[in-house]
Amino acid sequence: MFEVNGKAAWILDAKSPNEDIVKSKHVEQAYSYAIHSEVRVNFFALCNGKEFVLYDIQKPEPLLHFPLTSIPRFWEPLKSLLTPNKVFREDYSKLAKDLGLHLKRLGFESFRSLIFPAIPIMQITQLDPNQFSISGGLIVNDETNMVTFDFDENVFKQLKSIIPDDAFKMLSIRRKDERLSARFSDRDFLVTIDCKIGQNLEENEREIFLPMIVNRFIKINGSS
């Protein structure tokens, strides 16, 4: 771990020359070091003596990946990210962690059923094609994560007995020129969500994220 003025700045995990440092369990391990409650850094890197790879905890692909013989060519990009006056840049810490990417990095993409209890539905948005989405903040280990739950029309029908009838009927209509959204400002509708990690990355003007794909909704009695 590298520090700046006694504060953790970034992680470097050294591996043997025959170890894969891009798509392997070692990336998951280094990521887990970076997000540890006693560390919490934005960048982590791996080096096997032949290659160097640098990751941002909020992005799925490496920021930099090069053979060590090419360090002179990559020195300026490295400095732009990891020098003491750059490594704590605010724009790398102001966004909450995306839960889908976080779980994928930890190796949970092989799980076909992940259960999230008591998730509030505050808004449902239609997507293209016949897809719907719920998103919001979710506290995991005392840290706020952003999470997006996407689901198809068949799963949407499971919400019929959970959300108000007028909202369900409105969202059942598909228009060519717009995508409808229902917001519930007066109360939360709590559900337990059975889901899995999606395969397709999504991107907006601020971030890259990986939606969770809903297998089913489970109504919670006494939702409020």
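Leaving aside neighbours within four places in sequence, which residues is F116 in contact with? In this predicted model, F116 is in contact with L99, L103, L138, F149, V191, T192, I193, C195 and M212. F116 also belongs to the largest nonpolar core, where F116, I124, F149 and F151 are the residues with the most contacts inside it. That core has 33 residues. At least two core residues are supplied by each of α3 (99-105), β7 (114-121), β9 (131-140), β10 (143-152), α4 (153-156), α5 (165-171), β12 (189-197) and β15 (212-219). The largest share comes from β12, which gives 5 residues.

The protein as a whole has 5 helices and 15 strands. Its C-alpha trace spans about 65 × 35 × 30 Å along the principal axes. Of the 224 residues, 41% count as buried. Among contacts between residues at least 6 apart in sequence, 57% join residues at least 24 apart.

Aromatic rings were examined next. The structure holds 11 aromatic pairs. One of them is formed by F132 and F151, a stacked pair with 5.8 Å centre to centre and 15° between the planes. Since F132 lies in strand β9 and F151 in strand β10, the pair ties together parts that are 19 residues apart in sequence.

The charged end of R174 sits over the ring of F132, 5.3 Å from its centre. The charged end of K7 sits over the ring of F88, and in that case the distance to the ring centre is 4.6 Å.

Not counting residues up to four places away in sequence, N130 touches F151, D152, E153 and R174. The C-alpha atoms of N130 and F151 are separated by 8.8 Å, while the two residues are 21 residues apart along the chain. N130 lies in the loop between β8 and β9 and counts as partly exposed, at 38% relative accessibility. P129 is found in the loop between β8 and β9 as well. A cis peptide bond joins D128 and P129, with omega about -10°.

Most peptide bonds are trans, and most residues other than glycine have a negative phi. Two residues with positive phi are described here. N5 has a phi near 55° and is not a glycine. N5 is placed in the loop between β1 (2-4) and β2 (7-14), and it counts as exposed at 81% relative accessibility. A118, likewise not a glycine, has a positive phi of about 50°. A118 is found in strand β7 and counts as partly exposed, with a relative accessibility of 40%.

Rolling a probe the size of a water molecule over the atoms shows where empty space is left. The count comes to 1 cavity of 30 Å³ or more. The largest cavity has a volume of about 90 Å³. Its lining consists of I119, P120, M122, I134, S135, G136, G137, L138, V147 and F149. Strands β7, β9 and β10 each supply at least two residues of this lining, and the largest share, 5 residues, comes from β9. L138 and F149, both in the lining of the cavity, are also among the contacts of F116.

The largest pocket has a volume of about 460 Å³. It is lined by 25 residues, of which S133, T148, D150, F209 and P211 are the closest to its centre. Two or more residues of the pocket lining come from each of β8 (123-127), β9, β10 and β12.

Terms used. Residues numbered from 1 in each chain as written. Predicted model: local features only at pLDDT ≥ 70, side-chain atom pairs only at ≥ 80, totals over all residues. Heavy atoms only, no water. Core = buried A, V, L, I, M, F, W, Y, C linked by side-chain atoms within 4.5 Å. Buried < 20%, exposed > 50% of the residue type's maximum accessible area, 1.4 Å probe, protein only. Helix = DSSP H or I, 4+ residues; strand = E, 2+ residues; numbered from the N terminus. Contact = heavy atoms within 4.5 Å. Phe/Tyr/Trp six-rings, centres within 6.5 Å; stacked < 30°, edge-to-face > 60°. Lys NZ or Arg CZ within 6 Å of the ring centre and 35° of its normal. 1 Å grid on protein atoms, 1.4 Å probe; cavity = no way out; pocket = protein on both sides within 12 Å on 5 of 7 lines; lining within 4 Å. Points joined across faces, edges and corners; volume = space filled by probe spheres on them.
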